[in-house]
Amino acid sequence: MKKKKIALAATACLLAGAMFAGGATAYLTDTDTATNTFTVGEVVIDTLEPNYPGNGSDEVTDLVPMEEVNKDPQIRNTGKNRAVVYMRVDIPMANVITADESGNRNAQANTELFQFRTTDGTFNSIHDEWILLDTDYLDAEGNDTGEDQSAYVSRLYGYETVVDVDETTSPVFDVVRLANVIEEQVDNSTQNIVMTSYAIQAENIADLTTADYDDVMDAAQLTKIFQVYWNQSGDEVSDDADTSNDQTLIN
């Protein structure tokens with residue numbers, strides 16, 4: 001009986017020793033953190049008119065019929081990513097009587113008050129890199145209407161190549177002129193040509209572009225890409241024009 005008690009006591013000591021040894025064991029461990037840093041890109045554009053004399057200048061004040069003014073709207077990519085760009089040009093219209101270049105009166109009609117051309121082109125010409133995508137005749141509230149009732153005509157142009165960072169497009173056109181309107185119809189009025197520029201990243205537009213996309217685009221491709229832009233950002237209000245230094249500049 002005494003031997004049995006000694007054996008049990010020895011077993012208890014061994015268990016206690018095992019528990020103590022287990023509590024003091026140092027386990028080999030490790031942890032590792034990898035941080036990947038990504039810089040998010042940015043699409044930013046400026047609308048420039050380097051040869052436009054400036055709002056309020058003598059060259060754009062008190063115009064007479066058929067007077068020409070330098071006006072060369074173009075887009076500069078000032079962001080961090082290549083971009084596909086577009087420009088919308090809105091030209092006011094009025095129901096007026098005009099004369100042809102020989103001075104003969106035309107019938108009264110709703111007429112664009114300004115025409116445009118490239119330096120070497122005829123009215124209404126644009127530079128080859130720009131493609132006319134859409135023409136809308138709109139009332140003063142921006143609703144579609146017939147040409148005979150419209151307050152202005154809105155034309156959307158797309159640039160046929162991707163615009164690199166720090167690259168500037170060619171102008172849409174170079175010169176505008178006031179229509180040959182018979183006197184006392186739009187005298188002393190203020191008329192606005194409104195330009196709105198749009199840009200979307202060139203890379204990885206779903207089913208339309210790749211990561212290194214650099215194709216020359218036709219009207220169909222530009223229209224599809226613009227629809228992607230419009231679906232996402234069509235309700236965005238463009239920034240106000242910056243007319244510092246008598247230049248029109250729209251971000």
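Q: How many salt bridges does a search of the whole structure find?
A: The search finds 6 salt bridges. The structure is a predicted model, in which local features need pLDDT of at least 70 and side-chain atom pairs count only at pLDDT 80 or more, while totals for chains, interfaces and linings use all residues. Residues are numbered from 1 along each chain as its sequence is written, and side-chain values use heavy atoms, with hydrogens and water left out.

Q: Why is the pair E68 and R117 called a salt bridge?
A: The term requires a side-chain nitrogen of Lys or Arg within 4 Å of a carboxyl oxygen of Asp or Glu. The closest N and O atoms of E68 and R117 are 2.9 Å apart, so the pair meets the definition. E68 belongs to strand β2 (residues 68-70) and R117 to strand β6 (residues 114-117), which puts them 49 residues apart in distant parts of the chain. Strands here are DSSP runs of E, at least two residues long, and helices are runs of H or I of at least four, both numbered from the N terminus.

Q: What makes R117 buried but E68 partly exposed?
A: Buried means under 20% relative accessible area, exposed means over 50%, and partly exposed lies in between, with a 1.4 Å probe and protein chains only. R117 has 15% relative accessibility and therefore counts as buried. E68, at 37%, falls in the partly exposed range.

Q: How do you know that E203 and R82 tie together separate parts of the chain?
A: Their closest N and O atoms are 3.4 Å apart, and the two residues form a salt bridge. E203 sits in the loop between β10 (194-201) and α2 (219-233), and R82 in the loop between β3 (74-77) and β4 (83-96), so the bridge joins parts that are 121 residues apart in sequence. Both E203 and R82 are buried. A network of salt bridges links R82, E203 and D214.

Q: Why does the contact of E112 with R155 count as a salt bridge, and what else is R155 in contact with?
A: E112 lies in strand β5 (residues 109-112) and R155 in strand β8 (residues 152-159), so the bridge spans 43 residues of sequence. E112 is buried at 15% relative accessible area, and R155 is buried at 10%. Contact means heavy atoms within 4.5 Å. Apart from neighbours within four places in sequence, the contacts of R155 include M87, V89, I91, F116 and L132.

Q: What makes the largest nonpolar core a core, and which residues touch the most other members?
A: A nonpolar core is a set of buried Ala, Val, Leu, Ile, Met, Phe, Trp, Tyr and Cys residues joined through side-chain atoms within 4.5 Å. Of the 30 residues in the largest one, V85, M87, V89, I91 and W130 touch the most other members. Two or more residues each come from β4, β6, β8, β9 (175-178) and β10. The largest share, 8 residues, comes from β4. A second, separate core of 17 residues includes V84, V162, L208 and M217.

Q: Why is Y86 called buried, and what does its side chain reach?
A: Y86, in strand β4, has 1% relative accessibility and so counts as buried. Its side chain reaches the backbone oxygen of L222 at 2.7 Å. The C-alpha atoms of Y86 and L156, 70 residues apart along the chain, are separated by 7.1 Å.

Q: Why is the pair F116 and F173 called stacked?
A: Rings of Phe, Tyr and Trp (its six-membered ring) pair if their centres lie within 6.5 Å; planes under 30 degrees apart are stacked, over 60 edge-to-face, and the rest tilted. F116 and F173 have ring centres 4.9 Å apart and planes at 25°, so they are stacked. F116 is in strand β6 and F173 in the loop between β8 and β9, 57 residues apart. Both are buried.

Q: What makes Y198 and W230 edge-to-face?
A: Their ring centres are 6.2 Å apart and their planes stand at 75°, so the pair is edge-to-face. Y198 is in strand β10 and W230 in helix α2, 32 residues apart. Y198 is buried at 9%, whereas W230 is partly exposed at 38%. Y86, Y198, F226, Y229 and W230 form one aromatic cluster.

Q: How do you know that the charged end of R177 sits over the ring of F123?
A: The criterion is NZ of Lys or CZ of Arg within 6 Å of the ring centre and within 35 degrees of the ring normal. The charged end of R177 sits over the F123 ring, 3.9 Å from its centre. The charged end of K71 sits over the ring of Y52, 4.6 Å from its centre.

Technical notes: Polar contact = N/O pair within 3.5 Å; in protein donor to acceptor, adjacent residues only side chain to side chain.
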